[in-house]
Amino acid sequence: MIIVRRTLLLLLPLILLVGGSQGQQNSQKRQQITVATVSSNYREGLNVLAREYERLHPEVQVRIQIQPTNGYETWLRTQIGTGSDTAPDIFNSNYAHGFYERGLTVNLTSFLDNPNPYTSIPWRSSLNAQFLEKQKVNGDVVILPIDFIEIAFFYNRDVFQRLGLDPPTTWEEMLRHAEAVRKARLIPFAVPGDADSYWSGTVGWIFRFFTDAYLRDAVPIVMSRPGDWDYNAKQNANFRVDVSNAMSDATVVSNPERLIAAVRDGVIRMDTARFHEAYEKVREFAKYWQRGFNGTNANSAYQLFLTGKAAMMLHSSATISQLNKDMDDLGAADRFQWGVFKVPPITQSRFHIPPFRGVGGAGTMWSVVKKSDAQTARVVDFLMFTTTPHAAQTLVEETVKARQPLNGPMLIAGAKLPESIGRHFGAFENRGFEKLSFRGLADEQESVWKWTVWAQRYLDGRMTTDECLKRYQQTMVEAVPRVVANNRYDMDPRTKDSAAP
Amino acid sequence: MRRGAIWRSRTSYLFLLPTFLFLWLFNYVPALSGLFHAFTEWETTGGAHFNGLDNFRRMAQDEFLLLSITNQVWLLVASLLKSLIVPLIVAEMLFHLRSGRLQQVLRTLFLAPMVVPGMVGILLWGFIYDPNIGLLNNALDAVGLHHLTRAWLGDWHTALPAVIGIGFPWVGGLALLLYLAGLNAIPQDLLAAGAVDGATSWRRFWAIDLPLLRGQMKTIAVLTIIGSLQDFGSLLVLTGGGPGLATHVPALHMYFQAFRFGHYGYASAIGFVLFLATLAFTVANMKFVAAAEEMG
């Protein structure tokens, strides 16, 4: 009897395990589509769309998995990078690069001209052509841009009125405003300066729009030329640098191998007079950031602005919804009027510098993990469903209803933003499309990290401009072989290099 | 006879089997895999290829890794001082309390923080050190010491000391328990003999308590060395190793190499050297304490 009881006791966990897996098998009879996204603002909208899709396709179960931003990249690399069956089907591709080059994500190009069964027009017609083009990887559409995001300066309108200031129209005027704010014993700019900020936040944006403007003259060096696999005569043949026009090169196709070769051969260098001036201007700007910005995270910097301690902050268009919400939550005595102005152009320089144009682009971007052909067809069908005007409007409305932030305008045709948010977008419009922006080489993470080390030291006053740029130049040259290996470039711009078929 | 004893206790062994199985699978297999891959070039872009001692030569030339060693030494020394001295002082004070009830209450209060997950504590310290809305700067402002306020984790000069300050007043629950157990185990006749000889509390501490707590100190030192060399979680969350390299340590370098840069082979080599360093420090500590015991 005792032996029987003991045997049963031992078998119990086994029975539970087997029972559990059988239950799982039953639920797996429905085909699964898993969306693993960090875009938690769309949580409600995505769930509504998932249930609508399941009603149309009872054989499919759609799972919306909201992932924390922190660690998302690592998680994606372990899930997708290992080719695991448990990998999600749809993910935010702006958080991890290089999967397509390794043949792990789907080339969506051939699907774009198929009719979307949910609109009866070609799928491409509902998507934003300009951003599809911009986000191409090795000439292929791998990334679906869902919404738009851009940066601009938010300012405390009450403080500006009190000090008799208007939104600045030049960079130099903005720094004069900053001096006036400082004299009024307020912090001119709230800027987070932790390591995340140098990679994907405010400080990274600042260096990006500076280098983008200061390197505009180098666009002809890296743009595709006749004979290159990605040469497009319509876009490139007649291009001339026009520094009076911020967007003169917006549609020019640049060849990544020409860019890497230019860095390798020292045609594009970081230790030039142009970079020297750009970096000195950033350091001059940093004098107006709050003390100890290198120890400030994004939330802490935002709180400085929200509590009226700082008069300005550089933030993304997603902050509009957040500020509206936070102002509503503040007591009447603490609320203030705020406004937005675009990043103003530099007018005093030794060089001909075009106006800044921001660093924005698509905010939420989705890619599809390559599994079986049947699964790809299923996932593409779901994507077609979620990129109809009706679906995009559902995402907007559910997000607003849940008091969640919207990144910016949707890049899916037919969706409209509520007036309370849309009216602030003037400063963000017609911007983005940076071309040659550097903080590391081609976002290769080791070079980004090393640059962060030098840039933090530089802005902290522990390195001279020359020392910083010398180190940066060395970092860039060392990164070249890694970027070449990661992307499997053969360094011949005439051939398209991709592991993906 | 031996086989018979095992057969009689087979149920117990069967219950232990899953533990050993998972221990092998999740602890030993990755460690052995790391050991093997330390001698390979293994990048995200391809499979692992044997490259001899290349990773170790690379370590010798990696200026970021070499700079991080200085930080690690400071953190290790500080950790040892914090974990060996502060809990000992608190244990002595608790042990000598006359009221047993008060002793029990205070002991519970000191041990209660052990149930709070470590990451919660780290994030709390992040809030304390926040330069703009943090508790520390606000407290300094409130008492008129604005000139002392700092970006504690963002200032090159204070970042490492601030990391060392995490957990103040550093009364580690486990160390306190070990010391209290050690003090309780001191034979009463020894204490009585000391009292007859007219030993003061100070004299008793140096002549009786401290020599008899060497075993506990050895255990605490070993655990602290292992913990200090392996731990990078708080640095990853609070500073990312910055500003610059002010709080960068070898374990964080290993993490970056593996999970941010995709250099798995090189990261394995760093892990292997960290393992050797931990082993060396631990053995040296055991030998040093054993030798001191013999001399004592």
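Strand β7 of chain A is joined to strand β8 (residues 310-316) of chain A by three bridges. The two strands run parallel. One contact to pick out by eye is Ile187(A), whose bridge partner in β8(A) is Ala310(A). These details belong to a predicted model.

Now widen the view to the sheet. β7 and β8 belong to an open sheet of four strands in chain A, ordered β7-β8-β6-β9. Its pairing is mixed. Which strands form the edges? They are β7 (187-190) and β9 (338-341) of chain A, and each pairs on one side only. From one strand to the next, the twist averages 25°.

Next, turn to where the chains meet. Chain A puts 27 residues into the contact, and chain B puts in 24 residues.

Last, consider confidence. The model scores ipTM 0.87 and pTM 0.83. For chain B, the mean pLDDT is 90, and 96% of the residues reach 70 or more. Among the elements of chain B, helix α8 (residues 159-165) has the highest mean pLDDT, at 96. Helix α1 (residues 2-8) of chain B has the lowest, at 81. Where pLDDT is low, predicted coordinates should not be read in detail.

Notes
Residues are numbered from 1 along each chain as its sequence is written. Chains are lettered from A and ligands numbered from 1 in the order in which they are written. This is a predicted model: local features need pLDDT of at least 70, side-chain atom pairs count only at pLDDT 80 or more; totals for chains, interfaces and linings use all residues. pLDDT is the predictor's confidence in each residue, from 0 to 100. Two residues are in contact if their C-beta atoms, placed from the backbone, lie within 7 Å. Two strands pair if DSSP finds at least two bridges between them. Axes are lines fitted to C-alpha atoms, for helices over the stretch in contact, and angles run from 0 to 180 degrees between N-to-C directions.
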